[in-house]
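This briefing sets out the fold, surface and charge pairing of one protein. Please read it alongside the sequence and coordinates shown below.

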Amino acid sequence: MYEKLTSLICNYVEVKKEDIRPESRFMEDLGFTSFDFMSMLGELEDQFDIEVDEQKAANIRTIQEAVEYLESLTS
């Protein structure tokens, strides 16, 4: 899941894949806007055939938190 997420992140913001760490924060470290983040979640929903809870997603700050949340939806 981590690899897929980091690849997808590179489609939304100008950051090198090797610069993304589990502790990287979407907004502060990677430069996501709220719109970028919600658009990426929509793409994840389509790719993995899952439904993201927007309330829970709003509390996700780091890549690791996103990976854990997505894994909980796909297991």
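**Fold and charge pairing**

From the N terminus on, the elements of the protein run α-α-α-α. The model is predicted, and it contains 4 helices and 0 strands.

Overall dimensions
- The radius of gyration of the protein is 11 Å, which agrees with the value near 11 Å that a compact globule of 75 residues would have.
- Along the principal axes, the C-alpha atoms occupy a box of roughly 25 × 20 × 20 Å.

Packing and surface
- Buried residues make up 36% of the 75 residues of the protein.
- Among contacts with a separation of 6 or more, 47% join residues 24 or more positions apart.

Charge
- The protein carries 7 positive and 18 negative side chains, and the centres of these two sets are 6 Å apart.
- Side chains of opposite charge can pair when their charged atoms come close.

Salt bridges
- Glu3 and Lys17 form a salt bridge in which the closest N and O atoms are 3.1 Å apart.
- Because Glu3 belongs to helix H1 (residues 2-12) and Lys17 to the loop between H1 and helix H2 (34-48), this pair ties together parts that are 14 residues apart in sequence.
- Lys17 is partly exposed, its relative accessible area being 33%.
- Arg25 forms a salt bridge with Asp29, with 3.0 Å between the closest N and O atoms.
- Arg25 is partly exposed at a relative accessible area of 36%, and Asp29 is partly exposed at 41%.

Key
Residues are numbered from 1 along each chain as its sequence is written. This is a predicted model: local features need pLDDT of at least 70, side-chain atom pairs count only at pLDDT 80 or more; totals for chains, interfaces and linings use all residues. Side-chain values use heavy atoms; hydrogens and water are left out. Helices (H or I, at least four residues) and strands (E, at least two) are DSSP runs, numbered from the N terminus. The radius of gyration is taken over C-alpha atoms; the globule rule is 2.2 Å times the number of residues to the power 0.38. Buried means under 20% relative accessible area, exposed over 50%, partly exposed in between (1.4 Å probe, protein chains only). Contact means heavy atoms within 4.5 Å. Lys and Arg count as positive and Asp and Glu as negative; His and the chain ends are not counted. The place of a charge is taken as NZ of Lys, CZ of Arg, CG of Asp or CD of Glu. A salt bridge is a side-chain nitrogen of Lys or Arg within 4 Å of a carboxyl oxygen of Asp or Glu.
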